[in-house]
Amino acid sequence: MATIQGVCGPIDTGELGFTLMHEHVIVASLAMRKAFPDWMDREQTVERAVRELRAVQERGVRTLVDLTPINLGRDVALIREVAERAEMQIVAATGFYWTEEPWMEAWDHETLTRYLVRDLEQGIQGTPIRAGIIKCATDRQGVTDLNRKLLEVTARAHRRSGAPISTHTSVAHRTGLAQQDVFEAEGVDLARVVIGHCGDSEDLDYLEQILRRGSTLGMDRFGIDIILPTKQRVATIAELCKRGFAGQLVLSHDASCHIDFFPRELVKKTVPHWNFLHIPNDVVPALADAGVSDAQIEQMTSGNPRRIFERQGSY
Ligand SMILES: [Zn+2]
């Protein structure tokens, strides 16, 4: 048994239960919110988030991992408020997104690592609320010099704190393997890493290569049918389970209660199933129909999240 850091305090890993491993309460630029107070209606957003999290809790979900990185508008006070009011266990993240920013260039590894460790060990944004996981991201540009530095900083914060790593990748550019290369060179136990957005891929050869190195795959964009429809995502998971990998898969949507990348109406129209309820309501029954056993579903939704958060090895 171990405890990890949730936004409302420590959580016993035995209490995690059904866990959505990659979601966001909100994704909204802090710079834009500061510059334009009407960029996001905070009160309305919080109300909607509380409603949505209560609904998903009624469907058996007990924990949500909010993987919003620092520079994608992470707002830990808002996350905490939503968690308290919805009575949902939420784990917040530290770490950086893949987009490059001017301040990333000149600061050395040690300085950036210390900032992440502060989030993990002392608290985020001047609060005592601690991060419980480290997010990092590599997209279509691949591992550039700057991206390598961010991945190395992630690895060092992980080794210092013991918190697991969870990533964003581009399956079209097979960046999961490149991330594993960097982590391995930094001495990271790849079993403590979730390679994210693997559910966007049907390339079983690519997925198996990542799995054979010990990491867990984030099958974590259920509902984004314009990238890959649910039916194909389910078929890929069923095949991986058949090949014996149920112990290395986690499920999620990468959804949010509010995202400022697109107008809300457009999101509702183009990806109508992109919300926290899709997995408990539609995906779990579809997996069962595809031959995935109840024990395997339990493993992917509860057992594997627990294992990832519990420390292994000697940090
Ligand atoms: Zn995400």
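Q: Why are helices H7 and H8 called oblique to each other?
A: In this predicted model, the axes of helix H7 (residues 204–212) and helix H8 (residues 230–242) cross at roughly 50 degrees. Angles under 35 degrees count as roughly parallel, over 145 as roughly antiparallel and 65 to 115 as roughly perpendicular, and the rest count as oblique. H7 and H8 are therefore oblique to each other.

Q: Which residues of H7 meet which residues of H8?
A: Leu 204, Leu 207 and Leu 211 in H7 meet Thr 236, Glu 239 and Leu 240 in H8. The two axes come within 12 Å, and H7 passes H8 in a right-handed crossing.

Q: What makes His 24 a buried residue?
A: Buried means under 20% relative accessible area. His 24 has a relative accessible area of 5%, and is therefore buried.

Q: Why is Asp 254 called buried?
A: The limit is again under 20%. Asp 254 has a relative accessible area of 10%, so this residue is buried.

Q: Which residues coordinate the zinc ion?
A: The zinc ion is coordinated by His 22 (NE2), His 24 (NE2) and Asp 254 (OD), at 2.1 Å. Donors are N, O and S atoms within 2.8 Å of the metal. Along the chain, the donors follow the spacing H-x1-H-x229-D. His 24 lies in strand E3 (residues 18–27), while Asp 254 lies in the loop between strand E10 (249–251) and strand E11 (256–259), 230 residues apart.

Q: What makes strands E1 and E2 a pair?
A: Two strands pair if DSSP finds at least two bridges between them. Strand E1 (residues 3–6) is joined to strand E2 (residues 9–12) by 4 bridges, and the strands run antiparallel. They form a hairpin with 2 residues between them.

Methods: Residues are numbered from 1 along each chain as its sequence is written. This is a predicted model: local features need pLDDT of at least 70, side-chain atom pairs count only at pLDDT 80 or more; totals for chains, interfaces and linings use all residues. Side-chain values use heavy atoms; hydrogens and water are left out. Donors are N, O and S atoms within 2.8 Å of the metal (3.2 Å for Na, K and Ca); water is not among the atoms, so sites may look incomplete. Buried means under 20% relative accessible area, exposed over 50%, partly exposed in between (1.4 Å probe, protein chains only). Axes are lines fitted to C-alpha atoms, for helices over the stretch in contact, and angles run from 0 to 180 degrees between N-to-C directions. A crossing is left-handed if the near helix is turned anticlockwise from the far one by less than a right angle, and right-handed if clockwise. Contact means heavy atoms within 4.5 Å.
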